[in-house]
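Please consider the structure shown below. The paragraphs that follow lead through the site of its ligand.

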Amino acid sequence: MVRKGILVLFVALLAASLASCTPPSENSGDSGGGGGAAPTGGSSGASSGGEPIKFGVYGDLTGDTATFGQSMKKGVDLAAEELNQKPPLGRTVEIRMEDDGGKSEQAVSVVTKLLTEGKVHAVIGEVASTNSLAAAPQCQKEKIPMVTPASTNPQVTEVGDYIFRICFIDPFQGSVMAKFAVNSLKKKTAGILYDQKSDYSKGLAQFFKATFTQLGGQVVAEATYSKGDTDFNAQLNAIKGHNPGVLFVPGYYTEVGTIARQARDQGIAAPLLGGDGWDSPKLFEGAGDKLEGCYFSNHYSSESKDERVVKFIDAFKKKYSGEVPDAMAALSYDTTMILADAIQRAGGTDAAKLREALAGTKEFKGVTGAITIDDKRNATKPAVVLRIEGQAFKYVETVVP
Ligand code: PHE
C-alpha cells in the first residue's frame, strides 16, 4: 500500500515537472468538440512531456457540404482522444480545426494560417478534391506533410512529395460503378450528370465513362451542373429523352438529393448511381425516399463485422450521442492514427523525417482497411458498393482493386 502511494506521488510529480517544460499557451488542449480554431484533443488523463504534436485540420463546417467537415472533425477528435491516453513519444496530440466553408479560396487562407500562425506539424484535409487541390501547394511550398483522408481525384497527390492520401482514387472508383452497372445491374446504356465546377465530379464522370464504354456499354446522354444549382430540370429532361439504363451522378449529397427528387418527378425510373460524395447523414434531407434502390461506392460500411470497425463504431457512438460514423469520420480517424504512427516511426515531428515515414506506411490496419502508401503517395484499397434502402446504406459487395 505504502509503495503504491509513493509510486502515485512519483508519477504525479513527474507529470507536473514535464508539464512545466511546456509553455502554457501551447498546452491548453481539451478533449472537447468545440468549433473554430480552438485546439482540441488535449491531455485528459495522461501525462505528457515535450512540445505537443500539432495537427491542423481544414474542412467545410458551415457550407453546402458541412457534414464533410463535421464528420472529419469528429473522426480526428476521437483519434486524438484515444492517442492521448498514451501520448505518442510522450507528446500530447493537439488538434486545430479551421472552417473553410467548402470554398477553395478560404481553404488556401486557412491552411496558410495553420502553417504560419499554427506552426502545425502536419495538415489533415480537405475532403473535396477541389479544395485539397487549392491548398496542397501551400503545404508543399512550406514542406509540411498534408494527408487528405478523402480526396479521390488523382491530381491531388501529384501536387508534390509532401502530399499524401489514405483513400483510393477515382479511376478505380469510377471503374467499380461502371462494372457494377454492366455486370450486376446488366445495363448497357448510361446517362451522366456531373458538376463541372468540381474536379472530383468531372474526373469520376470521365473514369466511369471510360470503363463503361470499354465493357461494351454506351453513354447516351451527358449533362453538367454547377455547385449550388437547385434546378436540374432542363438537364434531366434532355437525359430522359435518351432513356438511359442507369443515371450516374458523381456529385455531393446536397445536389444529389435534389437531382434525385427532380429526376423521379420527371418520370426517370432508372437507378441512380454515384460515388463517395453521396455519403452524408443529410443525403435524405434533399432526396426523401427518391433514392430508394439506388447505389453508390464508398470507403467503408458501418455494417462491417470486422472487430476493428465494431470497436471504432462503439467508441464513436459513445462520444457523439449514438451517431453512426460515416466514411469521412472513419477515414479521418485513420488519417490521424497513421500520422501518429508515422511520427512514432520518425522519432519526432521533423517534417522531412515525417514525410519519409509517411511514404513508408505499410499495411497499417485502419478501420477503412489495410493502408499501404504507394510510390505516388496514394493508397490502394478496396471499395464497397452500398444500396439505399429505407434511408439506410446497405452493404452489397466489396470490390478489390
Ligand atoms: N472523394 C470526394 C472528393 O474527392 C470527397 C468525399 C470522400 C466525400 C468521402 C464524401 C466521402 O471530392
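A polar side-chain atom of Tyr252 lies 2.5 Å from an oxygen atom of the ligand, a polar contact being a pair of N or O atoms within 3.5 Å. Asp276 places a polar side-chain atom 2.7 Å from a nitrogen atom of the ligand. At Ala150 it is a polar backbone atom that lies 2.9 Å from a nitrogen atom of the ligand. The protein covers 100% of the 330 Å² of accessible area that the ligand has on its own (by the Shrake-Rupley method with a 1.4 Å probe).

The model is predicted: local features need pLDDT of at least 70 and side-chain atom pairs count only at pLDDT 80 or more, while totals for chains, interfaces and linings use all residues. Residues are numbered from 1 along each chain as its sequence is written, and side-chain values use heavy atoms, with hydrogens and water left out.

The ligand is surrounded by 13 residues, each with a heavy atom within 4 Å of it. Among the closest are Ser129 and Thr152. By class, this shell holds seven nonpolar, five polar and one charged residues; Asp, Glu, Lys and Arg count as charged, Ala, Val, Leu, Ile, Met, Phe, Trp, Tyr, Cys and Pro as nonpolar, and the others, Gly among them, as polar. Domain 1 (53-168 + 304-382) and domain 2 (171-298) both contribute residues to the shell, so the ligand lies between them; the domain bounds come from an automatic or database assignment.

How values were computed
Polar contact = N/O pair within 3.5 Å; in protein donor to acceptor, adjacent residues only side chain to side chain.
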